[in-house]
Amino acid sequence: MGLGSDMYRQQILDHYKNPRNYGELEDPTFTHIGENPMCGDEIRMDVKLADDGETIERVAFRGDGCAISQAAASMLSGELAGTTLSELQEMDRDDVIDMLGVDISPMRVKCAVLAEKVAQDGAEIYQGELDVDKTTTEDD
Ligand code: ZN
């Protein structure tokens, strides 16, 4: 294991222990919740859009689960601020794994992508393109 990967591990632990944007937004444009039953991860995400209805202004999350799932939510909440809903929908699991910077075993991929899926499904529900109560990564 090289130094680079060690640095990323430290970063994941730091986000897990000191999550950024943790909490609730006072007036979210939409809120969505999801879980990864394989691991017991849960994430609830509040998203506030700017007046253009497309640009993500702020993201807050609350959650419970393993370090990978919660660190990914913390990192993603910062990454998404200033991006657009279309850019969010273009993200895939490779973007999340790149963001985390470590090798993710197939079992842990569902942990890693949970936050991204919650944000994407929340946006699709908001845009009227999806009808689910809760996101789950179980069937991926
Ligand atoms: Zn997990």
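Which residue takes a positive phi in the hairpin of E2 and E3? In this hairpin, with 6 residues between the strands, that residue is Gly53, at a phi near 70°. The model is a predicted one, so local features need pLDDT of at least 70 and side-chain atom pairs count only at pLDDT 80 or more, while totals for chains, interfaces and linings use all residues. Residues are numbered from 1 along each chain as its sequence is written, and side-chain values use heavy atoms, with hydrogens and water left out.

Start with the sheet. Helices (H or I, at least four residues) and strands (E, at least two) are DSSP runs, numbered from the N terminus, and two strands pair if DSSP finds at least two bridges between them. Four strands make up an open sheet with mixed pairing, in the order E3-E2-E1-E4. At the edges stand E3 and E4 (135-136), each with a single partner strand, so one side of each has no neighbour in the sheet. E2 (residues 41-49) and E3 (residues 56-64) run antiparallel and are joined by 8 bridges. Two of the bridge partners in E3 can be picked out: Ala60 for Asp46 and Ile56 for Leu49.

Next, the metal. Donors here are N, O and S atoms within 2.8 Å of the metal (3.2 Å for Na, K and Ca); water is not among the atoms, so sites may look incomplete. The zinc ion is held by the SG atoms of Cys39, Cys66 and Cys111, plus two OD contacts from Asp41, at 2.2 to 2.7 Å. Along the sequence, the spacing of these donor residues reads C-x1-D-x24-C-x44-C. For accessibility, buried means under 20% relative accessible area, exposed over 50%, and partly exposed in between (1.4 Å probe, protein chains only). On that scale Cys39 is partly exposed at 36%, whereas Asp41 is buried at 0%.

Then the helices. The expected span of a helix is 1.5 Å times one less than its number of residues. H2 (residues 67-80) has 14 residues and covers 20 Å from first C-alpha to last, close to the 20 Å expected. Of these 14 residues, 11 are buried, so H2 is largely enclosed by the rest of the structure; among them are Ile68, Met75, Leu76 and Leu80. Just after H2 comes Gly82, with a positive phi of about 95°.

H5 (residues 106-126) has 21 residues and reaches 30 Å between its first and last C-alpha, close to the 30 Å expected. Even so, H5 has a kink of about 45° centred on Leu114, where the bend is the angle between axes fitted to the seven residues ending at a residue and the seven starting there. H5 is mostly covered, with 15 of its 21 residues buried. Lys110 lies in H5 and counts as buried too, at 14% relative accessibility. The C-alpha atoms of Lys110 and Pro37 are 9.4 Å apart, although 73 residues separate them along the chain. Gly128 follows H5 and has a positive phi, near 75°.

Finally, the core. A nonpolar core is a set of buried Ala, Val, Leu, Ile, Met, Phe, Trp, Tyr and Cys residues joined through side-chain atoms within 4.5 Å. The largest has 34 residues, of which Met45, Ile56, Ile68, Leu80, Leu88 and Leu100 touch the most other members. Two or more residues each come from E2, E3, H2, H3 (85-90), H4 (93-100) and H5, and H5 gives the most, with 9. Leaving aside neighbours within four places in sequence, Met45 has contacts (heavy atoms within 4.5 Å) that include Phe30, Val59, Phe61, Leu76 and Val118.
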